[in-house]
Amino acid sequence: MDFVIIGGDAAGMSAASRAKRTMPDLKVTVLEKTMDVSYSACGMPYNIAEPDREIEDLVVRHAHVFREKQDINLLTGHCVDNIDPAGKAVGGISLGGKKFEFPYDKLLIATGASPIIPDMPGFDLPGVLGLKSLEDGRKIKQFLKDSSVKKVVVIGMGYIALEMVEALRARNIEVDMVKPRPAFLPWLDEKMAQIVKDEIKSNQVTMYPGHKVEKIEKSGDRLKIICSDLTLEGDMVLVAIGITPNSDMAEKAGLALGIKKSIAVDRELKTSDENIYAAGDCADAFHIVTGQKAWIPLALRANRAGWAVADNVCGKDVQLPGIVGTSVFKVFELEVARTGLNAQEAEKAGFDPVEVTIKSRSRAHAHPGSSTIWLQMTGDKKTGRLLGVQMVGKEGVAHRINAPAVALHGHMTVEQFGQSDMAYAPPFGPVWDPMLTTANQLLKKL
Ligand SMILES: Cc1cc2nc3c(=O)[nH]c(=O)nc-3n(C[C@H](O)[C@H](O)[C@H](O)COP(=O)(O)OP(=O)(O)OC[C@H]3O[C@@H](n4cnc5c(N)ncnc54)[C@H](O)[C@@H]3O)c2cc1C
């Protein structure tokens, strides 16, 4: 059987490796348009922060290992540009300019997503860069090295923008941030968002929310970022206003698309064509809390979905229940995390949400090094169900979010979650963990 995979990173290479481990006789071909496979995109901001570190450190497994040790027919520099579901073949063109075509029995589309670069004047100038692929990271690192960059303007204020701001400040580069919408991290509670903003400002970053960039112009050696009511100047511009799924080819092949033009898949990761699967950032997922489709492109889902596709291609019957939207990022000294829904999202999904926000401590009372943790928990008044949690603090946030994430998978009520037996020792939290305190407070309001 021919198993062909388009895209050679998290979802694609997870699927290829697992399929080969499960069925060593399976013929697995991976077509990857760049020369890079299997790397940690998530590590790029931290790598860029350190000028002396090679970007290649982020490669998890090199192409030759997949080819020589795992017997995977991995073809880099192979850009697929069409899928023919009736003829069960994919075709495209290689970096050398040669046309290719591969027949398949089962196909996985694992093409990921691309950064959104607005079609406006100046966004194609040298020094205006996005960050998604390893090649993007390489270009940013090289530009910072070659152009003695003193100031960067970051367009966007999402998690990749914020991680990059920290990386640039670590290199002593001045940073301004600008974005069109006035709300900073709109999904986060306003008071908690203000804490994050204060942290960014205290690291000498100036933020300009509510300014729509109209164009970028060259100004001597520098770049001018022009909004209707504001002009900023920098040596480099980082465009980090979001990503969009790479689904055009799937759409052209007649496959059904879902939310935000991601490829619609069922719980087996099957698209609307029974021989074609899709996994990772290009595909949608079921949200366990809402029961509806969602597009939340993150690394664990991509890896897990790749595995599930491999299992299904190899004849197992694997269904993924879905995601709860758990995510975390670090900005300077702060950890910011969320899982599930906030009140607005819950209302939209038909719940009757009630929320509570509390301030607690990361360690036991009077234990040295303790710092504040802010938590917000949302529950459903009708059913008592836990709907979501968000958290900000200097420590104890990133891993603590996993407890409510698991509770959401288990459809727990706030009361059940509040009765969970959580660990306690003074260096790690109060005897009543901040999660339990928040659940107890929320229970009073439900
Ligand atoms: C800077 C940064 C930080 C991040 N941090 C985190 C984090 O902390 N936590 C987290 O969960 N997630 C994080 N992510 C997101 C995470 O990296 C992605 O969710 C994950 O990489 C998705 O894997 P994927 O295989 O679906 O897509 P990708 O990794 O995008 O891989 C898709 C591959 O398909 C190839 N391709 C596309 N089109 C074609 C074509 N037509 N023909 C052939 N090949 C093609 C691409 O070249 C690419 O190699 C981060 C992403 C970035 C950019």
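This report describes the ligand shell and several local contacts of a predicted model.

The model is predicted: local features require pLDDT of at least 70 and side-chain atom pairs count only at pLDDT 80 or more, whereas totals for chains, interfaces and linings use all residues. Residues are numbered from 1 along each chain as its sequence is written, and side-chain values use heavy atoms, with hydrogens and water left out.

**Ligand shell**

The ligand is surrounded by 31 residues, of which Asp9, Ala11, Glu32, Asp281 and Ala299 are the closest; a residue belongs here if one of its heavy atoms lies within 4 Å of the molecule. The shell comprises 19 nonpolar, six polar and six charged residues. In this division Ala, Val, Leu, Ile, Met, Phe, Trp, Tyr, Cys and Pro are nonpolar, Asp, Glu, Lys and Arg are charged, and the others, Gly among them, are polar. At least two shell residues come from each of helix H1 (10-22), strand E2 (27-32), strand E4 (78-84), helix H5 (159-170) and helix H8 (299-313). Helices (H or I, at least four residues) and strands (E, at least two) are DSSP runs numbered from the N terminus.

| Residue | Protein atom | Distance to ligand oxygen |
|---|---|---|
| Asp9 | polar side-chain atom | 2.5 Å |
| Ala110 | backbone N or O atom | 3.4 Å |
| Lys132 | polar side-chain atom | 3.2 Å |

On its own the ligand has 1000 Å² of accessible area, and the protein covers 90% of that area (Shrake-Rupley method, 1.4 Å probe).

**Gln376**

Gln376 lies in strand E24 (residues 372-380) and is buried at 3% relative accessibility; buried means under 20% relative accessible area, exposed over 50%, and partly exposed in between (1.4 Å probe, protein chains only). The side chains of Gln376 and Thr357 are joined by a polar contact of 3.0 Å, that is, a pair of N or O atoms within 3.5 Å, one able to donate a hydrogen and the other to accept it. Beyond four places in sequence, Gln376 touches residues including Asp189, Met192, Glu355 and Val389, where contact means heavy atoms within 4.5 Å.

**Pro51**

Pro51 occupies the loop between helix H2 (44-48) and helix H3 (63-68). Pro51 and Arg171 are 120 residues apart along the chain, yet their C-alpha atoms are separated by 7.9 Å.

**Aromatic pairs**

The whole structure contains two aromatic pairs. In one of them, the ring centres of Phe100 and Phe102 are 5.9 Å apart and the planes meet at 55 degrees, so the pair is tilted. Pairing requires centres within 6.5 Å; planes under 30 degrees apart are stacked, over 60 edge-to-face, and the rest tilted. Phe100 is buried at 11% relative accessible area, and Phe102 is buried at 19%.

Notes. Rings of Phe, Tyr and Trp (its six-membered ring) pair if their centres lie within 6.5 Å; planes under 30 degrees apart count as stacked, over 60 as edge-to-face and the rest as tilted.
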